Amino acid sequence: MRFLKFHGYGNDYLVFEETELAGVASLNEFARRVCERHYGAGADGIAVVGELAGADAAADFSLRIFNHDGSEAAMSGNGSRCAAAYLYERALWTREELRFQTLAGVKLYRLRARPQPGRYRFEAEIGRPRFDSPSIPFRAEPAPLPEVRAYPLVVPGGEVVTVTALQMCNPNCCVFVEDFEATDWRRMGRAIESHRQFPEKTNVEFVRVRDRQRVEARVWERGVGETLSSGTGACAAAVASMLNGLVEREVSVNMPGGLLEVLWRNDGEVLLTGDAELVYTGDWPDERVKAEG
């Protein structure tokens, strides 16, 4: 079962073609096993691409994203960019524009550069954020809210954390901080990820605003834990900062893995620009899938 491993600023994905995984009983269990860093190939998740037949198809390829723990995500900014890079690397797609059908809708990718062999730069239309509590989803108390902004979230232990939550392809919860070192953000991220007010769990971004054009972020990703980068997380961090009037409509988001560019267009669409880079090619043995599947 052939795959390529790519990373987007340290957020790594194993990319498989749908036909390679035909016959796998459970993609959820397969993802959990193959992503294990000691006993598997090791990754934050897998991306599964499939060709869509018919000239009238709304997209060129289907895309499914599975997290490290086996759960399926509606979308991943970095994972989808890795999947796009796979198609160009394998010469399965050569046009400048590429459309993926995802659980979060059709997403458009534009190839902007190939800085070096195995490395690709894309601009992607990630989608329009939603802010009302039912769409996130978020159980606002005592009643649904049109926006979850500056919301006092009570975490286990009684600590109150001020959050801004939104739906950016996936549920996201942003916490603004002054200093990452002075904030126990990993503990807080774990607590917020599975908070009872997020019925589908949530990604958590800790955001430090540097100036009107720059923010920094740390990510605790739903179903993964700490990651070096997150594409949808970068978008959420940027949009939450814009929503709170802290930055302009176009910003750079600096994460431990690297720098992503986010533009919130006037029509509501969020554009994400960043790289995907090939790490290695591999084969996952069929017999392990058959024995355990």
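## Cores and a cavity in a predicted model

Biologist: Let's start inside: which residues have the most contacts inside the largest nonpolar core?

Modeller: A nonpolar core is a set of buried Ala, Val, Leu, Ile, Met, Phe, Trp, Tyr and Cys residues joined through side-chain atoms within 4.5 Å. Buried means under 20% relative accessible area, exposed over 50%, partly exposed in between (1.4 Å probe, protein chains only). The largest such core has 56 residues, and those with the most contacts inside it are Leu98, Phe100, Ile126, Val253 and Val262.

Biologist: And which helix gives the largest share of this core?

Modeller: Helices here are DSSP runs of H or I with at least four residues, and strands are runs of E with at least two, numbered from the N terminus. With 9 residues, the largest share comes from helix α4 (residues 231–243).

Biologist: Before we go on, what kind of model is this?

Modeller: Residues are numbered from 1 along each chain as its sequence is written, and side-chain values use heavy atoms, with hydrogens and water left out. Local features need pLDDT of at least 70, side-chain atom pairs count only at pLDDT 80 or more, and totals for chains, interfaces and linings use all residues, since the model is a predicted one.

Biologist: How much space lies in the largest cavity?

Modeller: On a 1 Å grid over the protein atoms alone, a cavity is a set of points where a 1.4 Å probe fits but cannot get out; lining residues have an atom within 4 Å of a point. Grid points are joined across faces, edges and corners, and a volume is the space filled by probe spheres set on the points. The count comes to 1 cavity of 30 Å³ or more. The space in the largest cavity is about 80 Å³.

Biologist: Which residues of its lining are closest to the centre of the largest cavity?

Modeller: β2 (11–17), α2 (77–89) and α4 each supply at least two lining residues. Of the 15 residues in the lining, the closest to the centre are Asn67, Met75, Asn170, Asn203 and Glu221.

Biologist: Is Val161 buried or exposed?

Modeller: Val161 sits in strand β10 (residues 160–168). Contact means heavy atoms within 4.5 Å, and beyond four places in sequence Val161 touches Tyr151, Pro152, Leu153, Val155, Val175 and Met188. Its relative accessibility is 4%, so Val161 counts as buried.

Biologist: How far apart in space are Val161 and Thr102?

Modeller: In sequence, Val161 and Thr102 are 59 residues apart. C-alpha to C-alpha, the two are apart by 32 Å.

Methods. On a 1 Å grid over the protein atoms alone, a cavity is a set of points where a 1.4 Å probe fits but cannot get out, and a pocket is an open set with protein on both sides within 12 Å along at least five of seven lines; lining residues have an atom within 4 Å of a point.
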